[in-house]
Amino acid sequence: MQPAQNQAPPGKEETMIPHPQSENPSYTPSGKFKNKVVLITGADSGIGKATAIDFAKEGADIVIIYLDSDEDANATKSRIDEIGQKCLLLKGDIGKKEFCEKAVSQTKDTLGAIDILINNAGEQRTQENFENISEEQLRHTFQTNIFGMFFMTQAVLPYLKEGSSIINTASITAYQGRKQLIDYSSTKGAIVSFTRALSQNLVKKGIRVNAVAPGPIWTPLIVSTFPKEKIPEFGKNTPMGRPGQPYEVASCFIFLASDDASYITGQTIHVNGGEIVNG
């Protein structure tokens, strides 16, 4: 069980108790993405980190886009270096179109291609009272979660080709809502619609677009945004009775980006410990 704890946003993995599990010890790679380049936003920690590591194990070179957690980003890069793949760290705010365009240009110049885009970066703040959600909070949440996804996808799209894949991180809150996360839930609902609409727009180009909707996953986002006293109960209300680990979500990104999912587009995989959301 995770004890009561709290961190300043966006949180750091290495000070979380217990430490999130980024790797599945029984994972057996098969070279699914050899010579591919995968760009992942929010890949310094949490789900993004676990996904980056799994793609690296499958032979891909990785671009990690992150906001400001240098320590976590460098730790993730070190692990990818150990695996034997190239890793490019790019620090900046995806809510700014200019940064997204610059990051994609640097990726192309450094690694020569972009084959897969994982739009994973996210922002959330809890607020018990709806009327207390400030204009600043509302704009910042949408700027990161939706505008950033648009900007990064628009910047990457000219470099994608037939067989490429885009995968977006949605959330169980898009389907169930959450009374303390109204602005965040709203953006995640928009991400589901974005995924469905974009998949139809790009299907003739042979580019698949899907999403993953995690439930309660043990990441820095939780300890940096949830009240300290809520942490020990986090994830206990799922049918499985526990929070998920980042590596348990990462495998879904691997599947959706691979040829194993060649007939899947516009869909969302739910990784939530057994909650039925009918979405």
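Predicted model: local features only at pLDDT ≥ 70, side-chain atom pairs only at ≥ 80, totals over all residues.

1. Helix α1, which covers residues 46-57, packs with helix α2, residues 70-83, at an angle of about 15 degrees, and their axes lie 9 Å apart. Because angles under 35 degrees count as roughly parallel, α1 is roughly parallel to α2. The crossing of these helices, α1 and α2, is right-handed. On the α1 side the contact is made by Lys49, Ala52, Ile53, Ala56 and Lys57, while α2 contributes Thr76, Arg79, Ile80 and Ile83.

2. A second pair is formed by helix α3 (residues 97-111) and α4, which pack at an angle of about 35 degrees with their axes 9 Å apart, and the crossing of α3 and α4 is right-handed. From α3 the contact takes in Lys97, Cys100, Glu101 and Val104, and from α4 it takes in Gly148, Phe151, Met152, Gln154, Ala155 and Val156. In the contact of α3 with α4, six residues are nonpolar, two are polar and two are charged.

3. How far does helix α6 reach from its first C-alpha to its last? With 21 residues (182-202), α6 reaches 30 Å, close to the 30 Å expected at 1.5 Å a residue. The buried residues of α6 include Asp183, Lys188, Ile191, Val192, Phe194, Leu198 and Leu202, and among them are also Ser185, Thr187, Thr195 and Ser199. The elements against which the buried residues of α6 pack are α4 (135-156), β5 (165-169), α5 (173-176), β6 (208-214), α7 (220-223) and β7 (268-271).

4. Most residues other than glycine have a negative phi, and most peptide bonds are trans, and two places deserve a look against that background. The peptide bond from Ile17 to Pro18 is cis, with omega near -10 degrees, and Pro18 is found in the segment before β1 (37-41).

5. The other place is Asn35, which has a positive phi of about 70 degrees although it is not a glycine, and Asn35 is likewise found in the segment before β1. Is Asn35 buried or exposed? With a relative accessible area of 66%, Asn35 is exposed.

Terms used. Residues numbered from 1 in each chain as written. Heavy atoms only, no water. Axes fitted to C-alpha atoms, helices over the stretch in contact; angles between N-to-C directions. Helix = DSSP H or I, 4+ residues; strand = E, 2+ residues; numbered from the N terminus. Parallel < 35°, antiparallel > 145°, perpendicular 65-115°, else oblique. Left-handed = near helix turned anticlockwise from the far one by under 90°. Contact = heavy atoms within 4.5 Å. Expected span 1.5 Å × (residues − 1). Buried < 20%, exposed > 50% of the residue type's maximum accessible area, 1.4 Å probe, protein only. Nonpolar A, V, L, I, M, F, W, Y, C, P; charged D, E, K, R; others polar.
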